[in-house]
Amino acid sequence: MDKYILTLDQGTTSSRAIIYDQESNIISVAQKEFAQIYPEQGWVEHDANEIWESQLEVAVEAIKSAGLTWENIEAIGITNQRETTVVWDKMSGEPVYNAIVWQCRRTSDYCDLLIDSGLSDSIKSKTGLIIDPYFSGTKLRWILENIEGARERAENGELIFGTIDTWLVWKLTAGKVHVTDYSNASRTMMFNIHELCWDDEILETLNVPKAMLPEVKPSSYIYGETDAELFGGPIKIAGIAGDQQAALFGQTCFKEGEVKSTYGTGLFMLQNTGASPIESKNGLLTTIAWGIPERYSAADGAINKPEQPKKERKLSNLFGLLGGDDEEPKDPIKVTYALEGSVFVCGAVIQWLRDELGLLEKASDSEAMANSVEDSNGVYVVPAFVGLGAPHWDSHARGTMFGLTRGANKNHIVRAGLESMAYQCNDLLEAMSSDLGKYPETLMVDGGASANNFLMQFQADILDTEVIRPESVETTSLGAAYLAGLAVGYWRDLSDVDDNWKEGARFKPDMNRGKRDGLLAGWRNAVSRTLGWDR
């Protein structure tokens, strides 16, 4: 019987399911959008039950449309929108409130209070993160403080917390497994990335009961099996990674120093820093990329190939990694760290130009519109709709448009929207290079907007470095598939995974320095004028 890996790719605007074969070919895809909820200015929520129902629906659809059954699925990998926070009743499984989305800024004032209390250095040294509404910890505290009865129920052990990966695993296993992985835990602002545990002092500061939190396991690990009623039989759940860490893994950036940028709803750049967490001095985050068994991890860029044959490895994987709640994996786990730059609005600026301003009919039109004009006619769009992330970290910034003259038309504005993605990426790479003392020769790219050739060429020009796009830009879901497949022996080791990567296109810089410097100066001027807008 042919076997495949099923990835559940739970994103900010849609739930997808993708089935991969052993050569990383896509066998089937299903996708469904879900509602975005904006209760107040700067607030963003999702219906957690709608997320679950849409994710289950597309998983069933992907299996059915490929002519497969549950028996053909070797394992499930999960990748998810990170930081988004769900609190639910552990008996009924019902959320006590909508999921608070990573983009939501409702805890800005509380974050300011934490900063004013002098906690920035302590929290950053433990978690690698900057105090910001972006992360899960203050969202969880908001629910406990603002939803009637929530704190009392949490302290009585009735409520539990999870990011979206945890919520999906809970639902998939019919409430039997409450777990997350290192990569997602490291985005909560409650997890000590050095000691690899929930931090008691931070939990006390936020007044979060520790019993609410999930177990933290490796990113490649058999966490449990799906409830048999969901797909007709049990399927192993064997890999979890937050979407950006999954993309880094899917790009096979296994060597220290390799860097990728994902162009999705937001823009996220991660650079593999190996076994050592690097503290940024330029507004970047230190995060866990993944934790995987040493026997198939990379050390100093060399792949550790196992000696035993594949079938034997498969058995040892199953017995070595499948454990009960209190059983740790027998294999030593190698944790890989990364520096990350997070931009909150990337592809979403094109959605805004399409849906709110009506300047284009579909997102793909943006490339032709940008190419129809020589430049942006001096227009700059700063899409700080929910504040600015790295390297500025200003939750009070707001979106702006500068340089408008009577000659500016919709094509100039659409081009400026695309260019804003490249400028923000440049801000991140400059900060990252300053931290590490080295500018990368290439940038790996993926995500939906990376298919835009205009944007990728402009990106190479602004960075003055080569931009490489893989044959498949679905690296986020692919990374989760790899993590799941490794856990069950579907792929032997990282060399197996690395062999699957194929180059799709390469963009070389072709802009003179004077023009580049002038464009960047205009961008920096525009950004400076958005800072602190709503204070």
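**Close-up views of a predicted model**

**Figure 1. An aromatic cluster built from six named rings.** Trp-102, Tyr-134, Phe-135, Phe-268, Phe-344 and Trp-393 are joined into a cluster through ring pairs. The model is a predicted one, and a search of the whole structure finds 25 aromatic pairs in it.

**Figure 2. The pair formed by Phe-191 and Trp-198.** The rings of Phe-191 and Trp-198 make an edge-to-face aromatic pair, with 5.4 Å from centre to centre and 80 degrees between the planes. Both partners, Phe-191 as well as Trp-198, are buried.

**Figure 3. The pair formed by Phe-344 and Trp-393.** The ring centres of Phe-344 and Trp-393 lie 5.9 Å apart and their planes stand at 70 degrees, so this pair is edge-to-face, given that planes over 60 degrees apart count as such. The pair links distant parts of the chain, for Phe-344 lies in the loop between strand S20 (333-343) and helix H12 (348-355), whereas Trp-393 lies in the loop between strand S21 (380-382) and strand S22 (400-402), 49 residues apart. Phe-344 has a relative accessibility of 1% and therefore counts as buried, and Trp-393, with a relative accessible area of 13%, is buried too. Phe-344 and Trp-393 are also among the rings of the cluster in Figure 1.

Figure 4. Just after H3 comes Gly-128, which takes a positive phi of about 80 degrees.

Figure 5. From C-alpha to C-alpha, Asp-200 and Thr-166 are 20 Å apart in space, and they are 34 residues apart in sequence.

**Figure 6. Glu-430 in helix H14.** Glu-430 has its place in helix H14, which covers residues 410-436. At a relative accessibility of 33%, Glu-430 counts as partly exposed. Glu-430 and Gly-347 are 83 residues apart in sequence, and their C-alpha atoms are 21 Å apart in space.

**Figure 7. The whole protein, as context for the close-up views.** The protein contains 18 helices and 25 strands, and the C-alpha trace spans about 65 × 50 × 45 Å along its principal axes. A compact globule of 535 residues would have a radius of gyration near 24 Å, and the value of 22 Å for the protein agrees with this. Of the 535 residues, 61% count as buried, and among contacts with a separation of 6 or more, 75% are accounted for by residues 24 or more positions apart. The accessible surface comes to about 20,200 Å², with 46% of it belonging to carbon and sulfur atoms. The protein carries 49 positive and 79 negative side chains, and the centres of these two sets lie 3 Å apart.

Technical notes
Residues numbered from 1 in each chain as written. Heavy atoms only, no water. Helix = DSSP H or I, 4+ residues; strand = E, 2+ residues; numbered from the N terminus. Rg over C-alpha atoms; globule rule 2.2 N^0.38 Å. Buried < 20%, exposed > 50% of the residue type's maximum accessible area, 1.4 Å probe, protein only. Contact = heavy atoms within 4.5 Å. Areas by Shrake-Rupley, 256 points an atom, 1.4 Å probe, with all protein chains shown as cover. Lys, Arg positive; Asp, Glu negative; His and termini not counted. Charge placed at Lys NZ, Arg CZ, Asp CG, Glu CD. Phe/Tyr/Trp six-rings, centres within 6.5 Å; stacked < 30°, edge-to-face > 60°.
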